[in-house]
Amino acid sequence: MSPAVTASGLRKNYGDFVAVDGIDFEIPKGSCFGFLGPNGAGKTTTMRMIYRASPIGSGSLNILGHEVGGGENDRKIKQHIGVVPQDDNLDQELSVRENLEVFARFYGLSRKQAKARAVELLEFVHLTERADSKVLELSGGMKRRVLIARGLVGNPDLVVLDEPTTGLDPQARINLWDRMRDLKRKNATLILTTHYMDEAEQLCDSLVIMDKGRIVAEGAPRDLIKQHVSSHVVEIDLTGRNPAHRVSDGAPAENAEALKELESLAKRFEQHNDRLLLYVDNGEEVVTRAAQLLPDAETLLRRSTLEDVFLRITGRGLEE
Amino acid sequence: MVTTQFRKAATQLNLPGDINLTTALSVWRRNLTEYSHTWMTNVLPNFFDPVLYLLGMGLGLGMFVGRGVNGLSYIEYIAPGLMAASAMQGASFETTYNVFVKMNFAKLYDAYLATPAQIQDIAFGEQLWANTRGLIYGCAFLLVLIGFTLAGNRIITSWWALLLPVAMLMTANMFALIGLTFTASIRNINYYGFYYTLWLTPLFLFSGIFFPLENPNMAGGHAATIAWFTPLFHAVKLMRGLAQGPLDWSHAVSAAWILAVSAVLSVVVPRRMRKRMIH
């Protein structure tokens, strides 16, 4: 089966600023593919090139079998793409239902079809009872669901979701994840950008991590973790200790001893002031030893996450 | 989720300049939907604008302009020109503030562009809508003038007046395109201060609505020549000719002037909008 999207050597400059610096990727049909990275990594620019809001700089981009080139096929391509943008750009002057009906017309649906489609989608995002509300009256989570419904009015083969859950409360996020899983079951190809590692781990079959316009890692979430960090992390917080023992207050000798031993137990050891990160495969053992060595520190054992991968690869956190 | 079957936009009618008419009409229809909610606050106030001028200037000032103009009473003289101004204002308001807000604050065009809609469809849809609004204002004002005519004023005195809606559309269309050109060229909404005060207001005052420009004492006798190069002058001339006659070749020239400027701007507007919106 041919891939839904293929990019090779894809670049995009804004003046002197290189937003996307020659990236290659292939998105299989029917999969959920993630673009991760900090603000300014080039994710949104890449999305905009895919959903044809933005011309490509150089390189090549093929979407659903159409070469993007100079934009000659944009109408054809966009007919099959649905977009859920990062910003709320719902039509504030219209009701929820009218929003969906107006956008359905852009995809060539007749008046009758547009009405039917709006009813269908309102049900899909569980907003039937708010159909005639003004957009202004909706909560953030509801607006995001309307945006998702609007992105689906054209019955797309490819759905692009740009940070769909940023700024939502946990309940609204979980609700949106369910909708995205529904979409996956219907064999739509999903492209997702997000800051949230748990979101990517939950939803994405494979993903790329972008930084400064480049792809710095790619693979399935679990593989990436296996490949770049150990299976577990022991976090040790020293701030609760007697001030005299804090690393930031001059790292007294007894600490240094303990830290040295812990470092020898870890595959990788990182120290951020009073916070220690030990990347280990034998988590239980290390966390027990850490508790013995530093009895008044707080210790925590957790599974490694994509966030650790990201820290490892770029040397900084995602939300920095 | 059942999948509704529907036809694909690719098979729909394309106009010159790769404008998809179906998509443009969707933009138009969206505005109609908004309008149907807000016409009380959106339409009504602007409609009173020219009516107030007609009453204030025509009846009020008219009392002091005893000898009238060109054999007409003052209200009879200014009425057709105010109809042109009415069409101009309807189209201008739509393509200035309304389009600016949709484009820059509401980010609505970004949303449209994520669908099969292209920027030229959007621009044309807004242009059609501005024409509609200009036509609505013009016709509403025409009804007022017909009322004044039935009450004994010689305002609408020619059968050519049947073509007035066409002239309104031409006027609205030209000012819609001028408005869109300006809107696509600015980044700050405050620039409309210049557009209204230093462009539309002078046009309103010096395009032959309120006094004849063919006067040897006015701008050294060149007032009409200068005004010939500005857009509202031709719309006023056309409206007056159609409403009251007599028509001559100069009216055909004015019609051609309006169509020519509109044709040029029809090429300029999509290009400017593209430059503004597509990066």
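**Exercise 1. Find what covers the buried residues of helix α3 of chain A.**

Step 1. Begin with the cover. It includes α4 and α5 of chain A, together with α1 (21–42) and α4 (108–113) of chain B. Helices here are DSSP runs (H or I, at least four residues), numbered from the N terminus. This is a predicted model: local features need pLDDT of at least 70, side-chain atom pairs count only at pLDDT 80 or more, and totals for chains, interfaces and linings use all residues. Residues are numbered from 1 along each chain as its sequence is written, and chains are lettered from A and ligands numbered from 1 in the order in which they are written.

Step 2. Check burial. A residue is buried if 20 or more other C-beta atoms, placed from the backbone, lie within 10 Å of its own. Eleven of the eleven residues of α3(A) are buried, so the helix is largely enclosed by the rest of the structure. Among them are A:Arg97, A:Glu98, A:Phe103 and A:Phe106.

Step 3. Look past the helix. A:Gly108 follows α3(A), and its phi is positive, near 90°.

**Exercise 2. Describe the side of chain A that touches chain B.**

Step 1. Count the contacts. 34 residues of chain A are in contact (C-beta atoms, placed from the backbone, within 7 Å) with 32 residues of chain B.

Step 2. Name the elements. In chain A, α2 (74–78), α3 (96–106) and α4 (111–124) each give two or more residues to this side.

Step 3. Sort by class. The side holds 14 nonpolar, nine polar and eleven charged residues. Nonpolar means Ala, Val, Leu, Ile, Met, Phe, Trp, Tyr, Cys and Pro; charged means Asp, Glu, Lys and Arg; the others, Gly among them, are polar.

**Exercise 3. Work out how α5(A) and α6(A) pack.**

Step 1. Take the geometry. Helix α5 (residues 140–151) and helix α6 (residues 170–185) of chain A pack at about 15°, with axes 10 Å apart. Axes are lines fitted to C-alpha atoms over the stretch in contact, and angles run from 0 to 180 degrees between N-to-C directions.

Step 2. Classify the angle. α5(A) and α6(A) are therefore roughly parallel (under 35 degrees).

Step 3. List the contact. From α5(A) come A:Gly141, A:Arg144 and A:Ile148; from α6(A) come A:Ala172, A:Asn175, A:Leu176 and A:Arg179. By class, that is three nonpolar, two polar and two charged residues.

**Exercise 4. Describe the contact of α6(B) with α10(B).**

Step 1. Take the axes. Those of helix α6 (residues 164–183) and helix α10 (residues 249–277) of chain B come within 9 Å and cross at roughly 35°.

Step 2. Sort the residues. The contact has eleven nonpolar, four polar and one charged residues.

Notes. Contact = placed C-beta atoms within 7 Å. Parallel < 35°, antiparallel > 145°, perpendicular 65-115°, else oblique. Buried ≥ 20, exposed ≤ 12 C-beta atoms within 10 Å, placed from the backbone.
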